[in-house]
Amino acid sequence: MAAQATLHCLTGCAIGEVLGMVIGTALGWGNTPTMILAIVLAFFFGYSLTLRSVLKAGVDFRTAFRVALAADTLSIAVMELIDNGVIALWPNAMDAHLSDGLFWGALAVSLAIAFLVTTPVNKWMIGRGKGHAVVHRYHH
């Protein structure tokens, strides 16, 4: 269940992260604004995926929004910290362009590492009835 929750989180984070990095890099933005955009979009898409599934179960928007925040905030935060930390520390990764293998390779590896680190966090939260355990009350 923890790996499935982390994969769900990774999907939203990866969409936002990749989109943010692509937009920032394509527009020639500096590292800090590009990373901020990627993080904001990762949270947006991460929450959106959960919100969509909870709303689909017939829950009102306010409750669904609270469920998404409770389910995903820590998971997305850890994932983004690890993902962006790896990219920031990887030599030349922040200066890579969209056409560079380094850009895509560093991004893929950073997301994989973030998945591995975040899975035990989600396992811990689910074991305490938090995180995606909250979501499962609404759509299972």
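This is a predicted model: local features need pLDDT of at least 70, side-chain atom pairs count only at pLDDT 80 or more; totals for chains, interfaces and linings use all residues.
Residues are numbered from 1 along each chain as its sequence is written, and side-chain values use heavy atoms, with hydrogens and water left out.

**Overall build**

- Helices (H or I, at least four residues) and strands (E, at least two) are DSSP runs, numbered from the N terminus.
- From the N terminus on, the order is α-α-α-α-α.
- Along the principal axes, the C-alpha atoms fill a box of roughly 45 × 25 × 20 Å.
- Buried residues account for 42% of the 140 residues. Buried means under 20% relative accessible area, exposed over 50%, and partly exposed in between (1.4 Å probe, protein chains only).
- Of the contacts between residues at least 6 apart in sequence, 70% join residues at least 24 apart. A contact means heavy atoms within 4.5 Å.

**Helix H2**

- H2 covers residues 31–56, which is 26 residues.
- From first C-alpha to last, H2 reaches 37 Å, close to the 38 Å expected at 1.5 Å a residue. The expected span is 1.5 Å times one less than the number of residues.
- The buried residues of H2 include Thr34, Ala38, Leu41, Tyr47 and Val54.
- An α-helix has 3.6 residues a turn, so residues three or four places apart point the same way.
- Leucine 55 also sits in H2. At 33% relative accessibility, leucine 55 is partly exposed.
- Leucine 55 touches Asp60, Phe61 and Ala64, leaving aside residues up to four places away in sequence.
- Leucine 55 and glycine 24 are 31 residues apart along the chain, and their C-alpha atoms are separated by 31 Å.
- Glycine 58 follows H2 and has a positive phi, near 95 degrees.

**Alanine 3 and its partners**

- Alanine 3 lies in helix H1. Its relative accessible area is 40%, so alanine 3 counts as partly exposed.
- Alanine 3 touches Phe115 and Thr119, not counting residues up to four places away in sequence.
- Alanine 3 and phenylalanine 115 are 112 residues apart along the chain, yet their C-alpha atoms are separated by 8.4 Å.

**The loop between H3 and H4**

- Asparagine 92 lies in the loop between helix H3 (61–89) and H4.
- Asparagine 92 is not a glycine, yet its phi is positive, about 70 degrees.
- With a relative accessible area of 54%, asparagine 92 is exposed.

**The largest pocket**

- The largest pocket holds about 210 Å³ of space.
- Its lining has 16 residues, of which Thr25, Asn31, Met94, Asp95 and Ala96 lie nearest the centre.
- Helix H1 (2–26), H2 and helix H4 (101–127) each give two or more residues to this lining. H4 gives the most, with 3 residues.
- On a 1 Å grid over the protein atoms alone, a pocket is an open set of points where a 1.4 Å probe fits, with protein on both sides within 12 Å along at least five of seven lines; lining residues have an atom within 4 Å of a point.
- Grid points are joined across faces, edges and corners, and a volume is the space filled by probe spheres set on the points.
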